[in-house]
Amino acid sequence: MTDYGEEQRNELEALESIYPDSFTVLSENPPSFTITVTSEAGENDETVQTTLKFTYSEKYPDEAPLYEIFSQENLEDNDVTDILKLLALQAEENLGMVMIFTLVTAVQEKLNEIVDQIKTRREEEKKQKEREAEEAEKQLFHGTPVTIENFLSWKAKFDAELLEIKKKRMKEEEQAGKNKLSGKQLFETDHNLDTSDIQFLEDAGNNVEVDESLFQEMDDLELEDDEDDPDYNPADPGSDSAD
């Protein structure tokens, strides 16, 4: 007759030795414990991690142990689902043998695969962004191919915008013409204009200063008097003293 208790105790001692930093006993009856599994570091030192909780059934290992994802880091929902399916498959295949080490090892390999998938996914995303950037750059330089349809559409829009600008300008010029007053209208509407010069003289006190130095040299100027010319004939505009 199989001594399930003995097999379970022996396996617990072995697990504690194999996973000294990640093995934690939760209860002794029924025996329940956790083992934390971490993937190898990825490209940017990223890792994924899960803590598996196991509880021995009464007839383990002839019966599968109870298991669950106790906690996890950086795993997607579909990753958690895949891990649970993997545990179920491995437990069924290893009935009759102590299997916790086998289950944990399978999960360890799965986590490494997930890290590789993350790396591949990021590389694909990077390549996709590079392709999109290249396409955007090509569109920037090549522009949109001109067809008859899009040219006519652009031409109709351009003509409509140009007509609107012309209408607006004509309206502004018409409005400006209505508001512009003639000189007579300005004089009639602003009565200050007819007294502005007088007001200027009054403000100056009717005192106009004359610079006499401008006239000091007048006596030195030799002014020619046409009447002193013996040939001058005032009745003959064609007469010239230079004859």
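Predicted model: local features only at pLDDT ≥ 70, side-chain atom pairs only at ≥ 80, totals over all residues.
Q: Why is Ile148 called exposed?
A: A residue counts as exposed when its relative accessible area is over 50%, and Ile148 has a relative accessible area of 62%, so the term applies. Ile148 lies in helix H4, which covers residues 148–179, and together with Val146, Phe151, Leu152, Trp154, Phe158 and Leu162 forms a nonpolar surface patch with about 740 Å² of accessible area.

Q: Why is Glu6 called partly exposed?
A: The term covers values between the buried limit of 20% and the exposed limit of 50%, and because Glu6 has a relative accessible area of 33%, it is partly exposed. Arg9, with 46%, is likewise partly exposed.

Q: How do you know that Lys155 and Asp159 form a salt bridge?
A: Their side chains meet with an N to O distance of 2.8 Å, and the cut-off is 4 Å, so the contact qualifies. Being four residues apart in helix H4, Lys155 and Asp159 are separated by about one helical turn. By this rule the count comes to two salt bridges.

Q: How do you know that the length of helix H2 agrees with what its residues should span?
A: At 1.5 Å a residue, the 17 residues of H2 (residues 77–93) should span 24 Å, and the end C-alpha atoms are 25 Å apart, which agrees.

Q: What makes the buried residues of H2 line one face of the helix?
A: The buried residues of H2 are Asp79, Val80, Ile83, Leu87, Gln90 and Ala91; seen down the helix axis, they fall within an arc of 105°, so they line one face. The face turned away from this buried side carries the exposed residues Asp77, Lys85, Glu92 and Glu93.

Q: Why is strand S3 described as largely enclosed?
A: Five of the seven residues of S3 (residues 49–55) are buried, so the strand is largely enclosed by the rest of the structure. Seven bridges join S3 to strand S2 (residues 31–38), the two running antiparallel, with Thr38 opposite Gln49. Seven bridges also join S3 to strand S4 (residues 66–73), again antiparallel, where Leu52 has Ile69 as its bridge partner.

Notes. Residues numbered from 1 in each chain as written. Heavy atoms only, no water. Patch = residues over 30% accessible without salt bridge, like charges linked within 9 Å, V, L, I, M, F, W, Y side chains within 5 Å. Areas by Shrake-Rupley, 256 points an atom, 1.4 Å probe, with all protein chains shown as cover. Buried < 20%, exposed > 50% of the residue type's maximum accessible area, 1.4 Å probe, protein only. Expected span 1.5 Å × (residues − 1). Arc of directions from axis to C-beta. Pairing = 2+ DSSP bridges.
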